[in-house]
Every structure is written in C-alpha cells, then in structure tokens.
Amino acid sequence: MAEGAEQVKVDETPISPIERRNSLEKHLQMRPEPKDLKDRHILLDTNAAPALQSAAQELERQRATDSLKKGLEKRPEKEELIERNILPDSNAAPAIQGQQKELEKHMRADSLEEKMKHRPKPEELIKEGILQPDEDPTK
C-alpha cells in the first residue's frame, strides 16, 4: 500500500445462518423481474434454449451484416447522385455548403439585375427588326 494510507480493517466476524438467510431473502425480493431485464437488454428476449441463444444472436448479426452489404452494393456512385441533383456539385466542406449555395443565389440575382439594367428598350428591338410592331409589350 502507499505510505500514509490507512489500512482498512475488514469485519471478519461470522454471520449466523439466520442472518444469511434473511439477507438472501431480502436480495431475492429486490431482484428485478425477467421482463425488466429483457427491457434493459440484460436478458435476451428469445424462446431459444440458452445453449442456442448465442448462435441465434450471431445468425441475426450476420443477417444484418449481409443486408447492409447488399444495400451498400446497390448504392449509387457519387457522380450519379450529383448528376441526378441529389448531391450538390461542390468541393466545399459540408459545414459551409449552405453558405456557398446562398452566395451563389445572391450572385445570380445580382447578375440578372445587372443584365436587366442593360436590356434594350422595345422600341430599339422594333427598329432592329427583332420585334414586330404588333409585338410591342408596352402597348
């Protein structure tokens, strides 16, 4: 033991058989029900014999693993998801992709606004023969 640490004395007096039985009965009365143990995943909720429970559990785990593998094999590639517009076509970190998308939206709006400012008037389009006089949107 470490220096300066007090040595703890253990009570070694024998317990009478009556006290032992009373203690055991008390603990058995406080013992949780099997349903509670199953709900807390301490006991397996199965009808299989205890000798077969571990094998049944391993088979269930293997079935889940096989199911996941099949699902992952059918999973589309990243390029296909980008092509189908499921994933964004971005090399930015996922944490900033939302801000990147918002910035792109504002840039498109600014670009469209700038193009609208330099849009030719309907009269100019009629003079150049692009619009017919009866297609004048101002009338």
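## Location of Asn-85

Asn-85 sits in the loop between helix 4 (78-83) and helix 5 (97-117). The model is a predicted one. Although Asn-85 is not a glycine, its phi is positive, at about 60 degrees. Asn-85 counts as exposed because its relative accessibility is 69%, and the cut-off for that class is over 50%.

Most residues other than glycine have a negative phi. The loop that holds His-41 runs between helix 2 (34-39) and helix 3 (50-73). With a relative accessibility of 72%, His-41 counts as exposed.

## Fold and overall dimensions

The chain has six helices and zero strands, giving the pattern α-α-α-α-α-α along the sequence. Its radius of gyration is 39 Å, well over the 14 Å that the globule rule gives for 139 residues, so the chain is more spread out than a compact globule. The C-alpha trace spans about 115 × 50 × 35 Å along its principal axes.

## Surface and charge

Of the 139 residues, 5% count as buried, where buried means under 20% relative accessible area. The accessible surface of the chain is about 13900 Å², and carbon and sulfur atoms account for 53% of that area.

The chain carries 25 positive and 30 negative side chains. The centres of these two sets lie 4 Å apart.

Technical notes: Residues are numbered from 1 along each chain as its sequence is written. This is a predicted model: local features need pLDDT of at least 70, side-chain atom pairs count only at pLDDT 80 or more; totals for chains, interfaces and linings use all residues. Side-chain values use heavy atoms; hydrogens and water are left out. Helices (H or I, at least four residues) and strands (E, at least two) are DSSP runs, numbered from the N terminus. The radius of gyration is taken over C-alpha atoms; the globule rule is 2.2 Å times the number of residues to the power 0.38. Buried means under 20% relative accessible area, exposed over 50%, partly exposed in between (1.4 Å probe, protein chains only). Accessible areas come from the Shrake-Rupley method with a 1.4 Å probe; for residues, only the protein chains shown count as cover. Lys and Arg count as positive and Asp and Glu as negative; His and the chain ends are not counted. The place of a charge is taken as NZ of Lys, CZ of Arg, CG of Asp or CD of Glu.
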